[in-house]
Every structure is written in C-alpha cells, then in structure tokens.
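Hi,

Here is the structure I promised to send over. Have a look at it first, and then read on for what I found.

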Amino acid sequence: MPRTFTLGQARRIAVAAQLLDRSTPRPQRPTMAHLQRTIDRLGVVQIDSVNVLARAHLLPLQARLGSYDPALLDRATRGTPARPRRLVEYWAHEASYISPETYQALRWRMDSPRMRRLDERLWREHPETMDAVLEIIASHGPLTAAQVHERLGHRSGPRVAWGWNWTIAKESLESHFARGRVMSAHRTAQFERAYDLPERVLPRSVLSEVPDRTTAIRQLVSLAARAHGIGTARCLADYFRVPVAQAQEAIAHLTAAGELEEVTVRGWDRALVLHTGARRPRSTRARALLAPFDPLVFERRRLLELFGMHYRIGIYTPAAQRTYGYYVLPFLLGQDLVARTDVKADRRASALVVRTAFSEPDAPAETARELAAELRELAEWLDLTDVRPANDIRGDLAGALTRELAAD
C-alpha cells in the first residue's frame, strides 16, 4: 500500500523542496554559492519583463535568499573561457534561465512542430535574411536585434496594435534562437537579448553532451520532481512543459529506479509521487511573498488543490474585472498561503505602495503583522525607504495591515 500523507504534510514537503523554509537562517550576504544552490534546486527561473517591483525573475530568488545582490544573477548569465556561464536562456517553462546541462536536455524541443513553424515560413519567404542574420552573428556576435537591424538596414514599421512589432530580422533571430542555431549570450540593461553562436555561449564541457529524447525527458522530470518534492504527473510535466504522456513514462522509470515513490494525500484526490530525497519536516517557518512567476505557483491547479488558493495575476485582466488587484502576490506563512496583496514600487517616492490586502480563509491572527514584516524586507531589498498603504487601499486585511505599517 502507498504511504499516505495529510494535506499539511504535503504542503510542508512542497515548501521545503522549494527552499522556502526558514528553519535554517538566511545568509547575511548571499554569495554566488548560495545562488547556485538555489538555482540547482529550482532547476528553472522564468524570465519576464514585468517590472512592477523588479524584473519578475529576480523576485523568486529574493523570496529564498533575502537581500541578495541581483548582480549575482547577471554574472551567472555571462561567461568567459576561464569562467563559463552558470545559466543560459531558453524556452523551458516559458522563457527561462536554466543550467547549460538543462539546455542540452531541451534540444529535442528545438525540432518540435511549434519551433519549426515560424522557421519553415521564414526560410521559405525570407531565405536571404535568415542567412544574413546568421552570418552577422557569426562574424560580430553577441549582438542585439537592434544592432542586427542596423547592419541589415531594417527598420521597424509603425506600431498598429499592442504587442510585438518585430522586423523580419528580429523574427529570424528568434527563429534561430528557437531552433538552437543562436543563443542568448546575455540580456542588456534594457532587457534585450544579445545573440551569439552556441559554441561561444555554452561551456565546452557540455557542447557535445546531448542526451536522446527519452533520457532528456527523464532528466527534466527528475529535476521537476526534486523541485516539487511531491506532485502529480501534470505538476511534473508542466514544470518544463513536457508532454504529460511522456512525463508519465519518465515517472514510471524513475519510480522503478527508486528515485520516486507512489504516495497518496488525504484531500488531494490524484495519483501522486514523492521524491525519495525530499525533506518531510514536521513544521516550517516559511514566510515569503511569491511573485506571479514563482515556481511554487507555476501550476495553478496544483496551487488550488494543494494550497486551496484560486490564483490569477491580474495584469492580463481588464481593470474592472480584477478582484484582488493588478500585480498580486500570494503570501506564504508557514505551510499555508494566508493572504494576497497587490504592491508596486514607487521609485520617485522611494516607497513600496500596498494597493490591496486580502486574507485567505482561516488566516491566523498574526497575518497582518507577518505580512508587514515581509513587506519591509522586500522594500529594503528594493532600496525603498518606506512601505505605505495606498490612499484607496482595499481588502479585508487593509485596516489591520495599515495599523501594522503605521506602528513601525
């Protein structure tokens, strides 16, 4: 018979697997070694240009490391022959930072129908540009799309609608990126990709290490299982966007090999597996504000079934239809998601502005106090001098949070 866990035990396993438990104090001055340990466990950090607080990919690391220097992440994505890159970029969950080894394990995706679709059209309709872009990158990379446009003499047309307004050169670069012919050498201060050839981006030690598809998917599912601690096939498949059927095959293999164990959780009525190396703490001291792209909240059905929270960001919802705000962060306290808040960094006023604060059912009495403390930590990391409620702050937790912030 499979072992059975309570929902609380499963939550604590998931929180510990994501390195959110503060039972061990955070480092006073996080180093590259701390960052590497965190990246190794998470396996993937989703990249997004949203900058309401900070670039979205910086926030999950703050939730785990505290007041770390974002320059560490930038250093990890750049390299030299003497100091190879620790992180590279590709379509993993979405656009994400991953290890060079994980990039090689995603090579099979580069030949998928989705990645071939744009590529085949561009080779058919614009073969000269496709060739020219590769030649320019080979001769002069790393270069941004704007720099390639300049060399080709391409110009963007007028913006006619919301969204991307790519030239053919930019489309060509993105197609080559999707197919693995070029890579992102780094992101610029303006968040633009600088493209270069794979042999100038990947460390030499992994250039020839390309696992076959079956082996690669097992590696990806193994990484996902370690990052989850406990989860369903859908949870593990979603982490690296692996087809569920192939994830299930990998789970069967990893279970037979003793890496995973079939378990059940009371109240979570699905087939589940536990990573056999997962910690199973009896309690947790977690406290964190989770960005919308945090790995703990990637899979919304998992979030609902495991933590009881139906969550949407808000930024893609018309203003009149937003329930909790624009950029909503779930608040983790212990093993539970106890609140959510919409916050914004007002750089001119040097203030972290709290626009909404809502408690979850059964939130403990100390929720407002703990949330205020976490908001102050976030503001300090953002180099903001104040945390203040908006004049029109709303939510059932707004009054209590306002009093806690005023008490500082």
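Arg-204 is exposed, since its relative accessible area is 71% (buried means under 20% relative accessible area, exposed over 50%, partly exposed in between, with a 1.4 Å probe and protein chains only). You'll find Arg-204 in the loop between strand 7 (193–196) and helix 10; helices (H or I, at least four residues) and strands (E, at least two) are DSSP runs, numbered from the N terminus. From the C-alpha atom of Arg-204 to that of Ala-56 there are 30 Å, with the two residues 148 apart along the chain.

Before you go further: this is a predicted model, where local features need pLDDT of at least 70 and side-chain atom pairs count only at pLDDT 80 or more, while totals for chains, interfaces and linings use all residues. Residues are numbered from 1 along each chain as its sequence is written, and side-chain values use heavy atoms, with hydrogens and water left out.

Now the buried side of things. Ser-175 sits in helix 9 (residues 168–178) and counts as buried at 2% relative accessibility. Leaving aside residues up to four places away in sequence, Ser-175 touches Leu-118, Asp-119, Leu-122, Met-130 and Arg-181 (contact means heavy atoms within 4.5 Å).

On to the rings. The structure holds six aromatic pairs; rings of Phe, Tyr and Trp (its six-membered ring) pair if their centres lie within 6.5 Å, and planes under 30 degrees apart count as stacked, over 60 as edge-to-face and the rest as tilted. One of them is Tyr-68 with Trp-381: the centres are 5.6 Å apart and the planes are at 20°, so this pair is stacked. It links distant parts of the chain, 313 residues apart, with Tyr-68 in the loop between helix 3 (59–65) and helix 4 (71–76) and Trp-381 in helix 14 (residues 367–381). Tyr-68 is buried at 2% relative accessibility, and Trp-381 is buried at 10%.

Tyr-90 and Tyr-103 make an edge-to-face pair, 5.5 Å centre to centre with 80° between the planes. Because Tyr-90 is in strand 3 (residues 88–91) and Tyr-103 in helix 5 (residues 100–105), the pair ties together parts that are 13 residues apart in sequence. Tyr-90 is buried, at a relative accessible area of 0%, and Tyr-103 is buried with 0% too. Together with Phe-177, Tyr-90 and Tyr-103 form one aromatic cluster.

Last, some helix packing. The axes of helix 10 (residues 213–228) and helix 12 (residues 244–256) come within 9 Å and cross at roughly 75°; axes are lines fitted to C-alpha atoms, for helices over the stretch in contact, and angles run from 0 to 180 degrees between N-to-C directions. Helix 10 and helix 12 are therefore roughly perpendicular (angles under 35 degrees count as roughly parallel, over 145 as roughly antiparallel, 65 to 115 as roughly perpendicular and the rest as oblique). Helix 1 (residues 7–17) and helix 10 have axes that come within 6 Å and cross at roughly 115°. In that contact, Ile-13, Ala-14 and Ala-17 of helix 1 meet Arg-226, Ala-227 and His-228 of helix 10.

Cheers
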